[in-house]
Structures are given as structure tokens and as C-alpha cells.
Amino acid sequence: MRAVLTWRDKVEQCVYDLAFKPDGTQLIVAAGNRLLVYDTSDGTLLQPLKGHKDTVYCVAYAKDVFCIEGLWSPEQKSVSKHKSSSKITCCSWTNDGQYLALGMFNGVVSIRNKNGEEKVKIERPGGSLSPIWSISWNPSREERNDILAVADWGQKLSFYQLSGKQIGDHSLNFDPCCISYFTKGEYILLGGSDKQVSLFTKDGVRLGAVGEQTSWVWTCKVKPDSNYVVVGCQDGTISFYQLIFSTVHGLYKDRYAYRDSMTDVIVQHLITEQKVRIKCKELVKKIAIYKNRLAIQLPEKILIYELYSEDSLDMRYRVKEKIARKFECNLLVVCADHIILCQERRLQCLSFSGVKEREWQMESLIRYIKVIGGPPGREGLLVGLKNGQILKIFVDNLFAIVLLKQATAVRCLDMSASRNKLAVVDENDMCLVYDIHTKELLFQEPNANSVAWNTQCEDMLCFSGGGYLNIKASTFPVHQQKLQGFVVGYNGSKIFCLHVFSMSAVEVPQSAPMYQYLDRKMFREAYQIACLGVTDADWRELAMEALEGLEFETAKKERKKRGETNNDLFLADVFSYQGKFHEAAKLYKRSGHENLALDMYTELRMFEYAKDFLGSEDPKETKMLITKQADWARNINEPKAAVEMYISAGEHCKAIEISGEHGWVDMLIDIARKLDKAEREPLLMCAHFFKKLDNPGYAAETYLKIGDLKSLVQLHVETQRWDEAFALGEKHPEFKDDIYVPYAQWLAENDRFEEAQKAFHKAGRQGEAVRVLEQLTHNAVVESRFSDAAYYYWMLSMQCLDIAQADPAQKEVMLSKFHHFQHLAELYHGYHVIHRYVEEPFSFHLPETLFNISRFLLHSLTKDTPLGISKVNTLFTLAKQSKALGAYKLARHAYDKLQGLQIPARFQKSIELGSLTIRSKPFHDSEELVPLCYRCSTNNPLLNNLGNVCINCRQPFVFSASSYEVLHLVEFYLEEGITDEEAVSLIDLEAPRLKRENKWQEITSNNAQTLRLDESMDSVGDDDPFTAKLSFEQGGSEFVPVVVSRSVLRSMSRRDVLIKRWPQPLRWQYFRSLLPDASITMCPSCFQMFHSEDYELLLLQHTCCPYCRRRMDDPSP
């Protein structure tokens, strides 16, 4: 482990605490009374934060947007406070947030639950002389128990379980000021009075120093999920380090030893994947492994291990020797009886007792060293130097042997199994292969970072580099495949690869180099490669190639290798290659391999001979033979004959495939009709080709035959045969979604959006239906089609009502949207008339209608103005019509309002002229235009600050949806407990109404005729109970609705009551007509009110309701 300084900064005040942003991009520093924000990538000071008047001792990033002081949990309504026996110096929460550990000045550790109750009290031996200065829970999720690390000024580092049980205690030679775990809890940082930060394992084993400082270290933290460490000191120094953990490992053949958690060694058997862990409890500095020996260098000693037995699979190690000395070395090698220490240019050979036996001094730095085997005590070493020299050294010989000298530095070395060839990787990533005896360069390959010879084959090596594994046999071209990492060994067909910190054994088929030898007719070498590991097909190919090349010995070896010892079978193969097919067939039959005879005849297209050979023994074999004959007919481009043969052999799928590819619809029809409905696969293939060949009728017939209704629906949808699809959907409602959703999408693609919306609605896709409507509405507003916009908003409101009815979870939201969209529909419906009046040269509406609509809009637009609605157009229309109808006061108000708006140039002159001329008119409004409240009979002003309600009784006005006159209707509500159905039944009783009868009587007397008007009241009485309910308390500012009882409902006539029968979850609305003789009509779909004459005229003009566009001939409400 080494620490690399990334950046450093110095501030004027002591740095008491540090905190990383959770993503690690920023660092907060508490320096004096300031907070400093740094960019962790380069140490740039992003901003200083001021505001504290005193020293800041602690900082932390909150995971939420707020934090509080005190002990609090979401279940509590307030922060709870608890007294402690001493000053609290530090605290730490467990991972699950259930327990809080408090470190105190008197040396006590108190563990409390989240309610503040003390569960465990740990009293340290030093007491008040050892104040607890820093504590931290291990953040690892893999630990079975919560582990608490405690650092006190008694110079101790201790570890406790949640129960309070102590599990470790380590002495320090300094006063610790801060303790911090790595993100995964594998290491601990500790800093204090020794002016440095030390790295410890999670068990408290010191691994080394991170960085030397010039003053006390008050705080140190680890960047989240990384190996970066930041240190804050008393003199204001802030240092940011990167910790680099090097790989410490060793490999010999199939055993790989590596360091784990800095203090453990794991030995892995690469073939069996067995592992054994050796706990050293100290920092492991070097590892070496050779045969049954394992050497581990620790800071103050070297341990030599040996296997318990000579078994190659044994993984049990025991300590053989211990050398209790401190050594400084770059590389460590172990042999049977010695260890080799490499320090720059010097090699030292030591016995297991620690006695130095030999020493070699090299000309240059040693870059690579490897044990290449030999007798015990006389092993050979292969050494590569920086100056390009390569040497062989025997541990019992003082003199080194120079094998060769090259111009570039050595990075990696390996020697072939027979010690005749040497592979070198130099610093230029070039792999060079030499003949050791002649020193000749045999070949070289680029892009190499490591190389290894195959231990079982002299002429094969592999090297890695550039993300590829390269396998080279002899002088043949390199065979490549992708592989990340470094090649460290090659044994048979297994390649050992080190990637980052993990070693893996990759099984590599040797087919490629085997075929390279076969191409050169080098059969014996190909056989050697095949013995390393190839497929059965490769073995057969080798045998056939050897037979063709008359290399019978190799062919015979191949057959023995595969366990074939039958001479008749071997001789049959020879006869078949010689063209003696009938003799070969007899031998195949005699050896019990009739299938090989059939394969021979069919490959030679001798189908008649094959039939004769087969006879009529097995119908399955006959079917197979016909199938092969059909395959041959297909290959020689005789598809008709092939189809007939496939049908006779029962291979319907192949027959269908050929017929479909050639477009033979008649053949497909014949096959489909002959097949049984249980044979789904060939029938589905027929249907597929019918669709592909544009014959949907036959495809539908096929789907019906197998009962695949889902595919039939998809067929109708894909071919856009919507009528058939709808008919099928009526019989099988479960396919409604599969039909109406594609239909809606098809309508939308063809610009039939309204129909698409209805289709989505019918399919139950309310979300898509609403989205289409919202887009239609927006487009209509943008394109100034306000009548369409009103219609779409009305449809949107009804969609929301449907969703509220179907989904109770969205009821409140959807009802709010329903009322909002209803309001927008009314606004756009009225504004459509204003827009046409302003934009078109002629108006089809009466001045009174334009006047009423502009007043309605003005009173409705008290808050936000919807998109597309112009206040200028509304006020301009109101001003002109008010002036024309004699409402001069209102006209003056409208012109004054227009002066404060941005007026289009085309209206500028007209408005300025109108503003001047209106001042010559009287400052009052015509009484004929004043609206009357039918509840309290109050004349309301034309300009009403309250909006479209009565200024006296606050009763909302009911407007005609065509002329926008105030209708003589008063809304009333039912008393609590009266249901809508009961109310309607009471109203339908048809109680007698108050009516006045006017009769003319003719009297004849004395030759004179006299007409007399006789006025008389009926006997029912002259008091209407509903009229009494209209009264209200004068002077109140709140609206008091009219609430009726059952007796009042009985007194009403059905002809005088209009009911808006809203679907659930809305309640019905009731309106009483106060002028029964003036007829009012309500649309049964949108519930808009009209004067009956106006409604009938509009129906004749548009053939539908002008508001919701319900057709005259539509019987549904």
C-alpha cells in the first residue's frame, strides 16, 4: 500500500472536521468559523460559507433537505432530551439506525436505542484518565454483528459488539483524535498526536502510514466508495491522498496464492477451484509459491509453509520454518530448500534457517525472476534485467549463465517445456521468441504484455495484450479471441489469466492450431495438439484427414483415443474412401453400424441402394431416408419433388416452408386442409405464409381450424378488416383491448382523432383517450377553433367523470378536473361567438346575444385568462354592443379597460373614436338590459363585481347556452336523507298547480248580447310552498341555498322541474322554473339549458346539440 498526494491546501485556522458530499464530488471543511467547499477532483475552492460567529467543530452532509439537533424519530412529535453523566465527546449510529453509541469524557461508552433509553454501558479500565475521543460503527453490511471501534486518550483502540462484549484491544503510541471506516468497513483510518494518519485493518492490525504531517491530525475521512483519503490538521493543512493497493501474489503451475484484506493469504487451486485461507494477522508484504512450498513475508519475519502430503490436490498447509528477521526486497522467490531475495541489482540466496549462502550482483536492475524447476537444492532461476540481458542462475552455483542479450528492457519471460526456446516481452510490448542454443530470433509478435509457454506442448505459446488472447503454434499465424487481463500460465487446454485481483482458468479449445497443422499435412503434430483438448468432430476430422493423407498410424491412434477398437469398422472406412461402397456397407452392417452405411449412401445420393440395403425392416428408417432424399431434391433445385417427398415422409413443416418460399398458395391450401387440427405448428406456419402471400381469408380459415382466436384477431387488425374484428370482439369481449387499441391508433394515424379518442375510451384506455383529447383541445385553441375546443373540453370533463367513477383512488383529483374542464368548455363555447364577430365581416347573432356573451365572459374571467381567449376582443365587443343597446355606463367602463391593454392596430382607431363619443352619452344604463334575479326579484347591475351571481341573495344565475340570457330557473337542493330516486318519485306525483282561469261569458237579454270576463280562482289555494323557501336573511355575505323537504317536493309539478341527472359519483342537480309558461329545454347529454324555440332552431340548423353535438337521432342520453 502506498499513498499518492493528489492535492494539498492550507487555511489559517485549525481544521476540526471534514465531510464528503454523498456522491464524493465535493468536500466540506470546518476551518475556524468558516465552512470551505472544495472540488475533490482537483482541490479547487468552490466557495467559502460564512455566517458562524464561533468555531465550527463538526460538519455533515444531510441526506434530506433538513436536519435537527437532539434525539428524534418520525414516531415522536417532538425532540426528546436526555441527561448524560459526563460531557459527550462523540457519537455514532448503527447501520440500521436503531442504536446510538455515545463516547464520554469520563471514559464511558453508552449505547442507547432511538428513544434515548440506555441499553448497554461500557466502563473502560482507564476511567476519566482515558476520555473517549472518537468512536465509529463498522458500516459493513456483511458483518454478522454490529462492531463498534473506540479510540481513547489512554492510547487504546478497542472493539466492542452491540451487547457490550469486548472483542479486541490494541495499544497505540499516540493520542487518537479521529477514527473513520472505509465505505465497506474493510479498513480503518486513525489520526492524532503522532502527526500522521495510520491505516488499520478492521481488526485493528496496523498496515502503514498514509501521510506524514507537521501538526496534530484532528480529522480524516474516506471519500465514499473509493480509495481516496482526506486529512485535516491543526495548522490548517488539508491533504488529499489516493491509496494504491498493489497486487501481492505468486503462481506455480495450477496453484495461485494472493493477498486478501492485506493480512490474509488465500491459496487457490485453479483446476479444482478449491481455496484455503491462511490468517497472518500482520501486513503481508510478499508471497512466493513453488511446488509444495509457500513463503510469506511479513513486516518482521518470513514464514515458510509446506503441504501436509505429496498429493497434488492437497490444500492443507503447515508452518515449516520461520525466519525472524526484517528483510527489504523487491521480489521474493521460494525453492525447495531456499528463499531468494531480490533487491534492485542484487540477488541473495538464504536457507530456511535464515543463513545467506550465496549472493549475485547484476549489471542492471532486475525486472523479472522465475523458478524454472530442477532437483531440490539445485533449482534454476530465469532472470531478466532492465538492460535487456537474460540469465540463467542455479541456486547452488555462484556463476550466472548469460542466455542472450537484447536491446530493450525485459518485462516478462518464459522458457519452453524442453528448455530449447525462450519467449520475452519487452518494454515496447513486443513478444520475441528465441532459439536458446543458436540465439536466433525465430519470430516476434506485437501488442503483448505477458507470455506463457504451454507446459505440455513444446511449440505452443500464448500471450495477452490489447484486450485479446493470442495463441501461436509453431510459426503459424496467431489465433485471437477476446480476453481481459494478463496471461500467467498455459497448461494443456487451460490458460490462467489474472484480471485485476482475480485469477481464472480459461478452457480454450485447441481446434484452431490443430487445423493449422492439418493444412500443412503435419498429422503427428496435429495429433499432439488434439491430445490437449478438441471436440469429437475435430477428432473425426483428424482421422479422415490422416486417412486421406495415408497416415494410417495417426488415424489408428485417433480411433484408439476415441475408444474404437473394431477392425471391421476401420476397414469399412478404408473401403469407403477407396470407392468400394457395397463392401464398406457390408462391413458396417457386420460391425453393427448400419447407420454409417445409410449415411454413406445418402451422402453419395445413392438412395436406391440405401432402400435396398434397408429393405422394409423399420418404417422410421424408411421415413428418414425419404426425408434425406427430399433434402437432396431441395438442394439440387427440385422444390416440387421435394415437397411431395416431404409430405409422404410426414415432414409437413419443411413442405410448407418450401411452398411458402415459392408462393404456392394452392399447395399450402391443400396441405392445411389435410392436416389435423391438433397439428398446430404446421398449421400456424400455413397461416403465416397465407398472411405473407396476401391471402388473409385462408389464414383466417386456418386460425379458426386450430381455434387460435387471438391470432385471428391480430390478423383482422393487421389487415385492417375492422368489421370482422368488431364482430369477433362482440362474441369474445376478452379481445376488446386487442381490437380497439390498434383501431384507435390507426384512426389517429389517419387524422381521425375524435374517432380515435372514442375507440381508446371504448377499449378502457382512459389515459390514451385523455391524452388524445388534450392534444385535440390544444390544437383547436391554437388554431382558433373555439367551438371545437369547447366540445373537446366537455368530452374531457366527461372522461374525467368516467375515471372518477371507475377508480375511487383518483376520485377527488378527477372531480376537480371535471369541474375545471366544464368551466373551460362554457368559456370557449361563448368566446367562439365573440371571435367570429371580431374576425368575420358579418355577424349572425343579435346584438343582445353578443352583449350577454361578452358580459358572461367578463364576469367569468376574474382570475387567469385561458389560452386563446382575448380580453381585448371581449371588451371591444362589450363596448360596441353596450353603446348600441343604450348601456352607456357599461360601455364607458369597457373603453376605459381597453385603454390599459395592448390593442391591435386594426382596432386602435375604432376604440379611440368610441372612447371619445361615449363621453357624449348619459352616464347610465338602459333599464331594459338590467338582469333580474328570479329568486329575490333584485335588479342586478350590468357590471357585477361578484361575477355571475345575484348581488343580493348570491344565487348563481342560470344562462341559456345560445342567447346567454338569464333563465327563470332557481337551483334547489334536497334535505339530508332524501335520495335522488325518492325526490323524482315525489315530484312525479303531479300535485295540482296554482292556476288562474280567465273565462269570457256571453249573456243575451232584451235583444242585446253582452260579453263579461269572469275571473275566479280554483279551490286549491294561493300559497306555493317552494316560494316560501326562496326567502333568505337580508344583508348576509354567504350564499344560502334553497333546500326543500318532501312536502315541498310533493307540491311541485314535473313540468316545472328540470333535473341534471349526472352519473356517479356526482349528485343530481334540480332547477325549478318560476315562469312555467315560458318553455325551457335541457339537452339530455350535456345538461345545457336553452329556450325551447332557440334549441329547436339550432337542432334544425346543425342536426345536433350545438354544445355537445349529440345527434337528433341518437336515442342515448
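These are my notebook entries on what I looked up in this structure, which is a predicted model.

**Entry 1: the whole chain**

I began with the overall counts. The protein chain has 29 helices and 55 strands. Of its 1117 residues, 47% are buried. Among contacts with a separation of 6 or more, 44% are between residues 24 or more positions apart. For the surface, I noted that the chain exposes about 57200 Å², with 49% of that supplied by carbon and sulfur atoms.

**Entry 2: salt bridges**

How many salt bridges does the structure hold? I found 30. I picked out a few to visit.

My first stop was Arg124 and Asp152, which form a salt bridge with their closest N and O atoms 2.3 Å apart. This pair links distant parts of the chain: Arg124 sits in the loop between strand 9 (118–123) and strand 10 (132–137), while Asp152 belongs to strand 11 (residues 147–152), 28 residues apart. Are these two partners buried or exposed? Arg124 has a relative accessible area of 7%, so I wrote it down as buried. Asp152 is buried too, with a value of 2%.

Next I went to Lys370 and Asp414, another salt bridge, whose closest N and O atoms are 2.6 Å apart. Lys370 is partly exposed, as its relative accessible area is 26%. Asp414, in contrast, is buried at 8%.

I also checked Glu783, which forms a salt bridge with Arg785 at 2.9 Å between the closest N and O atoms. Arg785 counts as partly exposed, because its relative accessibility is 29%. Some salt bridges share partners: Asp260, Asp264, Arg277 and Lys279 are joined into one network in this way.

**Entry 3: a nonpolar patch**

Which residues make the nonpolar surface patch of about 220 Å²? My list reads Tyr973, Phe1039 and Val1043. I looked up Val1043 in particular and found it in strand 51 (residues 1042–1044). Its relative accessibility is 33%, so Val1043 counts as partly exposed.

I turned to helix 21 (residues 811–839) and helix 23 (residues 871–885). They pack at an angle of about 75°, and their axes are 10 Å apart. An angle from 65 to 115 degrees counts as roughly perpendicular, so that is how helix 21 and helix 23 are placed to each other. On the helix 21 side, the contact is made by Tyr831, Ile834, Tyr837 and Val838. Helix 23 brings Asn873, Thr874, Thr877, Lys880 and Gln881.

Then I looked at Leu861, in the loop between helix 22 (847–860) and helix 23. With a relative accessibility of 5%, Leu861 counts as buried. Which residues does Leu861 contact, leaving aside its neighbours within four places in sequence? I noted Leu827, Pro866, Ile869 and Lys871. Leu827 is 34 residues away from Leu861 in sequence, yet the C-alpha to C-alpha distance is 8.8 Å.

Where is the cis peptide bond I noted? It joins Gln1064 and Pro1065, with omega at about 10°. Pro1065 lies in the loop between strand 52 (1057–1060) and strand 53 (1069–1073).

Glu273 is not a glycine, yet it has a positive phi of about 65°. I found Glu273 in the loop between strand 23 (264–269) and strand 24 (275–279), and it is partly exposed at 46% relative accessibility.

Arg419 also has a positive phi of about 65° without being a glycine. Its loop runs between strand 37 and strand 38 (421–426). Arg419 is partly exposed, with a relative accessible area of 34%.

**Entry 4: towards the end of the numbering**

Asp1114 counts as partly exposed at 27% relative accessibility. Cys1104 is 10 residues from Asp1114 in sequence, and their C-alpha atoms are 9.1 Å apart in space.

Technical notes: Residues numbered from 1 in each chain as written. Predicted model: local features only at pLDDT ≥ 70, side-chain atom pairs only at ≥ 80, totals over all residues. Heavy atoms only, no water. Salt bridge = Lys/Arg side-chain N within 4 Å of Asp/Glu carboxyl O. Helix = DSSP H or I, 4+ residues; strand = E, 2+ residues; numbered from the N terminus. Buried < 20%, exposed > 50% of the residue type's maximum accessible area, 1.4 Å probe, protein only. Patch = residues over 30% accessible without salt bridge, like charges linked within 9 Å, V, L, I, M, F, W, Y side chains within 5 Å. Areas by Shrake-Rupley, 256 points an atom, 1.4 Å probe, with all protein chains shown as cover. Axes fitted to C-alpha atoms, helices over the stretch in contact; angles between N-to-C directions. Parallel < 35°, antiparallel > 145°, perpendicular 65-115°, else oblique. Contact = heavy atoms within 4.5 Å.
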